Amino acid sequence: MLWIILACLIGGILLYGIVPTIVIRKKRFRIYCEGASVNNIALTFDDGPDPYYTPKLLDLLKKHQVKATFFVVGHKAKQYPDIVRRMHEEGHEIGVHNYRHISNWLILPPFLEKGLQKSADIIEQIIGKRPIYYRPPWGHFNLFTPLVQKKYITVMWTYILGDWNARLGKMELFRRLQRSMKGGAIIVLHDNGDTLGAHKHAPGQMLEALELLLSEEKAKKMHWVTITEFMNAQTNKQISSM
């Protein structure tokens, strides 16, 4: 009996989540993961805000005059509104990363929709602007996410560098950042280490590697832009809040 239950559970997750994720990502169905710009790079951060690491990251970005896009977790945005407000005031963009950092493989459609709505409401209350971008945790989709995401532009990535793993080492992460510094790229990093599978102190290592990168002459010649600036440059259209 137990093996039947386990088989049904695994089969359900496979059909509900894993297969749709593979298809959507391979076909790039309704997702945006890279551009055609020669000089523009979109630097994005997931899983925050974090009360310790995110302010340090904002200091670093301000120092190098770099704009980025933050995909924030709704309940953390509610917990740390001043950090979210600072992101906005310093010219960064804010998108939604679910209300809690849970895989869409494990969330039923009504709860996903409710969580996105709640997160967007929280962000709008803090900064006075409703988010239009969404990135699912771990890049996981399910059968129904394309339907409940109609109010958002889903942004994935060109390069995901494994910075949540502290064993990677600062210099290896720095080398990966160097290799990903190409026009049209969307790079994802993480400013929080409390999520499942991450190392708690990994964001500190990420900050050190990013400091090395942004200090290089090549990085100074690139245009580090928000997702909206990135898409506007590519399409010659002005994207605004829905």
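**Close-up 1. Helices H2 and H4 are roughly parallel to each other (angle under 35 degrees).** In this predicted model, the axes of H2 (residues 53-63) and H4 (residues 81-89) come within 10 Å and cross at roughly 15°. Axes are lines fitted to C-alpha atoms over the stretch in contact, with angles running from 0 to 180 degrees between N-to-C directions. Helices are DSSP runs (H or I, at least four residues), strands are E runs (at least two). The H2–H4 crossing is left-handed, that is, the near helix is turned anticlockwise from the far one by less than a right angle. Thr54, Pro55, Leu58 and Asp59 of H2 meet Ile83, Arg86 and Met87 of H4 (contact: heavy atoms within 4.5 Å). These contact residues divide into four nonpolar, one polar and two charged.

**Close-up 2. Arg135 forms a salt bridge with Asp46.** The closest N and O atoms are 2.8 Å apart (salt bridge: a side-chain nitrogen of Lys or Arg within 4 Å of a carboxyl oxygen of Asp or Glu). Arg135 lies in the loop between strand S5 (133-134) and helix H6 (145-148) and Asp46 in strand S2 (residues 40-46), so the pair ties together parts 89 residues apart in sequence. Arg135 is buried at 0% relative accessibility; Asp46 is buried at 3%. Buried means under 20% relative accessible area, exposed over 50%, partly exposed in between (1.4 Å probe, protein chains only).

**Close-up 3. Arg130 pairs with Asp121 in a salt bridge.** Arg130 is partly exposed at 22%, and Asp121 is partly exposed at 27%.

**Close-up 4. Glu172, Arg175, Arg176 and Arg179 form a salt-bridge network.** The count comes to twelve salt bridges.

Residues are numbered from 1 along each chain as its sequence is written. Local features need pLDDT of at least 70 and side-chain atom pairs pLDDT 80 or more, while totals for chains, interfaces and linings use all residues; side-chain values use heavy atoms, leaving out hydrogens and water.

Notes:
Angles under 35 degrees count as roughly parallel, over 145 as roughly antiparallel, 65 to 115 as roughly perpendicular and the rest as oblique. Ala, Val, Leu, Ile, Met, Phe, Trp, Tyr, Cys and Pro count as nonpolar, Asp, Glu, Lys and Arg as charged, and the others, Gly among them, as polar.
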